[in-house]
Amino acid sequence: MTDFVKAARDFISGDAHADRVVPPSGITARLTTFVSGTMAFLTVFALALSLASGRLATRWGDDLAHSSTLRISAPAGQVAEQTAVAIRVLESTPGIEAVRALSSDEQRALLEPWFGPDLPVDSLPIPQLIEILETDDGYDAAGLRLRLQAEVPGAILDDHTRWRKPLEQAAGRLRLLGWLAIGLIAVSTAAMITLAANAALAANAQVIGVLRLVGARDSYIANAFVRRFTLRALTGGAVGTILGLGAVLLLPSAQSAGGFLTGLGFQGAGWVWPLLIPPLAGGVAYFATGAAARRTLSESL
Amino acid sequence: MIELENTAYSYGGGELLSEISLKLSPGSFHFLTGPSGSGKTTFLKLCYGALTATSGQVRLFDQDVRDMTRDDHAMARRRIGVVHQDCQFLDHIPIADNVALPLSVTGRDSLEHVADLKELLQWVGLGNRASSLPPELSGGERQRAALARAVIMSPDVVLADEPTGNVDWEMSQRLLQLLIELNRMGKTIMIATHDMNLIRAAKAKVQARVLRIANRKLQLAGADL
């Protein structure tokens, strides 16, 4: 570890002479910094999307996995009676922690987004909903259905599996897509930096020729280019990350509007992830330029 | 040091050099002559491994060039000072830094050699041009700077391609004297030149062999026949 730190420190502090052998300016310098900055900016968003999807998948997975709903559709005169029976059955079922029949107000609130606030719940044949909270071990859904079928004919048990799984899968896929986007951004960055490095190496053919003539090793020549490109990518990556984080912070907060998109961002330890983007951009540039330099140098005597 | 055995070099389907055999011993002094386009530059490039012979063998410091790694080539070039006809430099750094480049790439602190560098630049008449950039120099000044760069590491061998082509007689004598001094220190020198006056002047001061490339082959020339 100490050796790695020393090597990294030496690499960053560099060799003043080696740094000077490559001409300091050129379009490739600006291109590398710009590409790294842009890619870092996009990576911040891909990361935010991935982390938000991850949180969503966890929430749906954990929260909804321990709750179920019993719906009682019965003629108006029998609803109260069947509700009472259902509650008794549920309370005596192992694996169920709590049972609660939703009030008219709660049911109205559930329907409000679709029908508006003045819905006359009492005069409509709306099924009675019973919220079931499970213990960690859960209950035997098949057994419970059989009991309910016998004792409460109008009861339909929804353990959320039917719609929770696809949502969980969708959130998981979205998270995967975020990571895939980050991978593609890294590969694209490597490709762009390789192109820029190749252009720089081609433009500096005379520099390479002179260095070889005076006995410079390939590693010396390659390092002069690699260090420059790595530092440019590091700088671009840092600027892009800062701008990306700024843009994420400017998104509306989840509390003010609600919904998935407004929850896009970083929370808690998630803030550490974006800090890894600039060193990763530098790492991509380090390996991409190193490979390009070694390939170019190996083609000449 | 440098040894060529039955070496040939072809390019673009035509043979430029053939049946070249030569051994450059330590402390020897050679001139290489021949008409323009006869292959003098190609021969020098074979001698420091910038070109690979198409047949025959080239040995640098007892190593077959074909068996040398890229690092071996770099190490060999540190022992061979080369002056090209077109004198390539790093155009964005001052001429003093260009001359000190062989020290830099070998990891030697050029600050420790400031006095040597200054003296060398004075010797080649570039004492007042140390901070100039290469494009600001005349052809003759560039040649002198290239020679200074070639000798700053006190290499075992100096290969110079027309090193006095663009300088006046007085300066060419001065540069020749520098090479003669190196030769007296045991260094091997090979100069490709058309300048017969330079060869005559050198032969008056040092034991030098004159080689000639004609019809793709290397021969002893003139008085050395």
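**Ground rules**

I number residues from 1 along each chain as its sequence is written, and I letter chains from A and number ligands from 1 in the order in which they are written. Because this is a predicted model, I ask for pLDDT of at least 70 for local features and count side-chain atom pairs only at pLDDT 80 or more, while totals for chains, interfaces and linings use all residues.

**Entry 1: confidence**

I began with the scores. The model has ipTM 0.88 and pTM 0.72. Next I looked up pLDDT, the predictor's confidence in each residue, from 0 to 100. Chain A has a mean pLDDT of 83, with 89% of its residues at 70 or more. For chain B the mean is 88, and 96% of its residues reach 70 or more.

Where pLDDT is low, the predicted coordinates should not be read in detail.

**Entry 2: chain A overall**

I counted elements next. Helices (H or I, at least four residues) and strands (E, at least two) are DSSP runs, numbered from the N terminus. Chain A has twelve helices and four strands.

I then checked burial. A residue is buried if 20 or more other C-beta atoms lie within 10 Å of its own, exposed if 12 or fewer, and partly exposed in between, with C-beta atoms placed from the backbone. Of the 301 residues in chain A, 33% are buried.

I looked at contacts too. Two residues are in contact if their C-beta atoms, placed from the backbone, lie within 7 Å. Among contacts in chain A with a separation of 6 or more, 87% join residues 24 or more positions apart.

Chain A splits into domain 1 (2–61 + 165–298) and domain 2 (74–153). The bounds come from an automatic or database domain assignment. The C-alpha centres of these two domains of chain A are 53 Å apart.

**Entry 3: the sheet of chain A**

I traced the strands. Two strands pair if DSSP finds at least two bridges between them. In chain A, four strands make an open sheet in the order 2-3-1-4, with antiparallel pairing. Strand 2 (96–101) and strand 4 of chain A are the edge strands, and each pairs on one side only. From one strand to the next, the twist averages 20°.

Strand 1 (residues 67–72) of chain A got a closer look. Six bridges join it to strand 3 (residues 128–134) of chain A. One opposite pair is T69(A) and E131(A). Another is S67(A), whose bridge partner in strand 3 of chain A is L133(A). Four bridges link strand 1 of chain A to strand 4 (residues 155–158) of chain A. There, I72(A) stands opposite A155(A).

Which residues of strand 1 of chain A are on the covered face, and which on the uncovered one? S68(A), L70(A) and I72(A) are on the covered face, while S67(A), T69(A) and R71(A) are on the uncovered face.

Helix 4 (residues 79–91) of chain A lies across strand 1, strand 2, strand 3 and strand 4 of chain A. Helix 4 of chain A runs at about 10° to strand 3 of chain A. Axes are lines fitted to C-alpha atoms, for helices over the stretch in contact, and angles run from 0 to 180 degrees between N-to-C directions.

**Entry 4: S300(A)**

I found S300(A) in the segment after helix 12 (277–298) of chain A. Why does S300(A) count as exposed? The reason is that S300(A) has 12 C-beta neighbours inside 10 Å. The C-alpha atom of S300(A) is 9.5 Å from that of R212(A), 88 residues apart along the chain.

**Entry 5: a sheet in chain B**

In chain B I found an open sheet of six strands in the order 6-7-8-3-9-10, with mixed pairing. Strand 6 (80–83) and strand 10 (217–220) of chain B each have a single partner strand, so one side of each is left without a neighbour in the sheet. Strand 9 (residues 209–214) of chain B pairs with strand 10 of chain B in the antiparallel sense over four bridges. I213(B) stands opposite L218(B).

**Entry 6: where the chains meet**

Here, 20 residues of chain B are in contact with 17 residues of chain A. Helix 2 of chain B gives the largest share of chain B's side, five residues.
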